[in-house]
Amino acid sequence: MAGADPGAHIGELLDRLGREAGPRARETADELVRSVVEFYGEGLARTVRLLRSAPAGSDPLAVLTADELVGDLLILHDLHPDDTMTRVGQALDKVRPYLGSHAGDVEVAGLDTDAAEGPTLRLRLRGSCDGCPSSTQTVRWTIEEAVARLAPEIAHIEVEGVAEAPAEQPLLQIQPRPPDGTPGPPPSSAAPEPPHWHTLAAPALPAHDRTTRVADIDGNALLLVRLPGNLYAYRDRCPGCGADLRTAPLDGEFLSCSACAARFDVRHAGRGEGAHLEPLPLLEEDGAVRVAVPELLGAGS
């Protein structure tokens with residue numbers, strides 16, 4: 001292809017696909033090409049804007065890598081100045097404050113670039129997640145999202161050392177499909193779907209330390225609690241009596257249900273006496289707040 005017109009070559013390939021696979025395949029390929037062109041076009045536009053508005057004397061690469069989309073393009077073409085493990089370390093640094101609230105920390109156990117499923121990152125989680133299965137799952141999701149944003153070339157993440165649900169109260173079970181006519185497990189026993197991440201704007205967030213605010217995302221009520229140094233997200237529901245927590249008084253780092261007076265430690269995964277609030281994955285970075293809403297949130301209401 002040296003010296004050839006790339007646009008003409010792409011057109012020839014699309015024409016050939018249309019002849020060999022039919023018009024529907026050609027339409028799909030045309031849409032794919034448009035999406036790729038838009039993706040790179042947005043990346044180029046951002047690059048120009050970022051470099052034009054960069055302060056005098058700033059490092060151009062540092063300016064570009066701070067933008068997620070441009071950074072992804074640099075990674076895709078092996079132009080990013082930081083290697084994979086450096087960016088993994090940066091991602092884990094972002095989630096450590098969140099992990100600390102679950103009485104845990106995370107360290108890298110290894111990176112297998114030759115794994116069959118693609119580059120596989122092995123992490124070791126230290127801590128018990130306060131013995132709360134939902135806390136364990138939110139920790140997994142938060143780590144996976146943080147790594148995906150800074151090291152998208154990682155195809156698979158394995159996390160060792162997390163607390164499992166107690167044997168007498170299993171959180172999730174995956175069983176073989178029962179024979180026809182045999183009652184199957186209830187819907188709540190299905191494996192959890194990946195959560196959907198949402199960006200929250202300032203009006204939806206608590207404005208000051210030791211204040212709360214309820215945000216609605218896709219019909220789900222989320223209780224946001226701001227304590228000095230961190231923001232926390234929980235399902236707006238008392239696990240003891242089922243009442244909402246939007247009017248619950250906050251005493252230091254403890255939230256008290258207005259209906260049943262149960263107290264929950266906001267900073268430590270929402271633990272209480274015999275029950276936990278339902279924590280939600282949350283990432284707070286560069287002034288933006290992103291929170292995940294699991295697919296099964298609200299299933300028990």
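Cys238 is buried, with a relative accessible area of 0% (buried means under 20% relative accessible area, exposed over 50%, partly exposed in between, with a 1.4 Å probe and protein chains only). The model is a predicted one, in which local features need pLDDT of at least 70 and side-chain atom pairs count only at pLDDT 80 or more, while totals for chains, interfaces and linings use all residues. Residues are numbered from 1 along each chain as its sequence is written, and side-chain values use heavy atoms, with hydrogens and water left out.

**Cysteines**
- The structure contains zero disulfides (a disulfide is a pair of cysteine sulfur atoms within 2.5 Å).
- For Cys238, which is in no disulfide, the nearest cysteine sulfur is that of Cys260, 3.7 Å away.
- Cys257 is likewise in no disulfide, and the sulfur of Cys241 is the nearest cysteine sulfur to it, at 3.7 Å.
- Cys257 counts as buried, at 4% relative accessibility.

**Sheet**
- Four strands form an open sheet in the order β8-β9-β10-β11, with antiparallel pairing (strands are DSSP runs of E, at least two residues, and helices of H or I, at least four, numbered from the N terminus; two strands pair if DSSP finds at least two bridges between them).
- The edge strands, β8 (250–251) and β11 (271–272), each pair on one side only.
- Strands β9 (residues 254–256) and β10 (residues 263–265) run antiparallel and are joined by three bridges.
- Ser256 has Arg263 in β10 as its bridge partner.

**Confidence**
- The protein chain has an average pLDDT of 82, and 80% of the residues score at least 70 (pLDDT is the predictor's confidence in each residue, from 0 to 100).
- Over residues 163–190 the pLDDT is below 50, and this stretch has 18 contacts in the model beyond near neighbours in sequence (contact means heavy atoms within 4.5 Å).
- Where pLDDT is low, the predicted coordinates should not be read in detail.
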